[in-house]
Amino acid sequence: MKKLRIFLCDLTYNTIILVSDTIPINIGFVGSYLNKNFGEKVELSLFKYPNDVIKSIYKNPPDMIALSNYSWNSNLSEHVASIAKKINPEIIVVQGGTNFPHEEKLQGDFLKSRPNTGTLSKKGMNIPKIRITIEFSNEINWKIIIRMI
């Protein structure tokens, strides 16, 4: 069976200084959840640095990419999403983080400014807020359903 390739990214700028030198525990939790629930059906890769994920996108594009979206990495996450979409137009892009506006009237503009992102969550990439369902219909095919709950 073809595994669903998923890249989980909590990116930081690392040119002059590290903008965020924290451990990316958020994507660790999401990855742990996916491994527990889907095991051998998914292939996960976790990324902190943009050059690493960009090289991996070009080398072996994922089927889905999930990116954190905070004030310090929002533009970087959307840039990486644009590269992923360019390489694989069918890729599913999910972003989550506290940078998403709370006011409903601002949310539409925010999403329009991120044309490469399919789903965004204001609470982050935490599983209680974004339910990712992967349905495996047979040995070769799979389908991803993302529900906001």
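This report covers aromatic pairs and salt bridges in a predicted model.

## Basis of the values

Because the model is predicted, local features need pLDDT of at least 70 and side-chain atom pairs count only at pLDDT 80 or more, while totals for chains, interfaces and linings use all residues. Residues are numbered from 1 along each chain as its sequence is written, and side-chain values use heavy atoms, with hydrogens and water left out.

## Aromatic pairs

A pair of aromatic rings is described by the distance of the centres and the angle of the planes. Rings of Phe, Tyr and Trp (its six-membered ring) pair if their centres lie within 6.5 Å; planes under 30 degrees apart count as stacked, over 60 as edge-to-face and the rest as tilted. Searching the whole structure gives 2 aromatic pairs. In one of them, the ring centres of Phe7 and Phe47 are 4.9 Å apart and the planes stand at 55 degrees, so this pair is tilted. Phe7 belongs to strand S1 (residues 4-9) and Phe47 to strand S2 (residues 42-47), so the pair links distant parts of the chain, 40 residues apart. Strands (E, at least two residues) and helices (H or I, at least four) are DSSP runs, numbered from the N terminus. Both Phe7 and Phe47 are buried; the term means under 20% relative accessible area, with exposed over 50% and partly exposed in between (1.4 Å probe, protein chains only).

Tyr70 and Trp72 form a stacked pair, with 4.8 Å from centre to centre and 10 degrees between the planes. Tyr70 is buried, at a relative accessible area of 15%, whereas Trp72 is partly exposed, at 36% relative accessibility.

## Salt bridges

There are 4 salt bridges in the structure, each a side-chain nitrogen of Lys or Arg within 4 Å of a carboxyl oxygen of Asp or Glu. Among them is the bridge between Lys2 and Asp63, at 3.2 Å from N to O. Lys2 lies in the segment before S1, and Asp63 lies 61 residues away in the loop between helix H2 (50-59) and strand S3 (64-68). Lys2 is partly exposed at 43% relative accessibility, but Asp63 is buried, with 13% relative accessible area.

The N to O distance between Arg5 and Glu43 is 2.6 Å. Arg5 is buried at 11%, and Glu43 is partly exposed at 33%. Another salt bridge joins Lys48 to Asp10, with the closest N and O atoms 3.6 Å apart. Lys48 and Asp10 are both buried.
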